[in-house]
Amino acid sequence: MYPVAPGFLTIGAAEGVSETQLREALKNYVLDLTTETNTYRARITPFDEVNAAKRIMAEVGAVRYAEPIPLVR
């Protein structure tokens, strides 16, 4: 069984980064970005969650964290 939600990441903006700035910074990395209270839910290519999170953390300064969403079974 796959341990994370396929095709989704939880993303937090760095301090002082607006939603507009975050969307612009992530436009080449995510398919869609939705707001969920203090975090964002990013839709990405399924089954690339870990690599996508690592890539975003290494390359996008506007992001405080990017993590796969674990599935509880």
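Because the model is predicted, local features need pLDDT of at least 70 and side-chain atom pairs count only at pLDDT 80 or more, while totals for chains, interfaces and linings use all residues.

Strand β1, residues 4–13, runs antiparallel to β3 and is joined to β3 by four bridges; strands here are DSSP runs of E of at least two residues, helices are runs of H or I of at least four, both numbered from the N terminus, and two strands pair if DSSP finds at least two bridges between them. Strand β3, residues 39–43, also pairs in the antiparallel sense with β2, residues 32–36, over five bridges. Within that pairing, Asp32 stands opposite Arg43, and Leu33 stands opposite Ala42. The two strands form a hairpin with two residues between them, and Thr37 in the turn has a positive phi of about 55°.

As for the faces of β3, Tyr40 and Ala42 make up the covered one, whereas Thr39, Arg41 and Arg43 make up the uncovered one. The charged end of Arg41 sits over the ring of Phe8, 4.0 Å from the ring centre; the criterion is that NZ of Lys or CZ of Arg lies within 6 Å of the ring centre and within 35 degrees of the ring normal.

Let me turn to Phe47, which is found in the loop between β3 and α2, the latter spanning 49–59. Phi of Phe47 is near 70°, a positive value in a residue other than glycine. Most residues other than glycine have a negative phi.

How many aromatic pairs does a search of the whole structure find? The search finds one, taking rings of Phe, Tyr and Trp (its six-membered ring) with centres within 6.5 Å, and calling planes under 30 degrees apart stacked, over 60 edge-to-face and the rest tilted. The rings of Tyr2 and Phe47 have centres 4.9 Å apart and planes at 70°, so the pair is edge-to-face. Because Tyr2 lies in the segment before β1 and Phe47 in the loop between β3 and α2, the pair ties together parts that are 45 residues apart in sequence. Phe47 is exposed, with a relative accessible area of 57%, and Tyr2, at 30%, counts as partly exposed; buried means under 20%, exposed over 50% and partly exposed in between, with a 1.4 Å probe and protein chains only.

Technical notes. Residues numbered from 1 in each chain as written. Heavy atoms only, no water.
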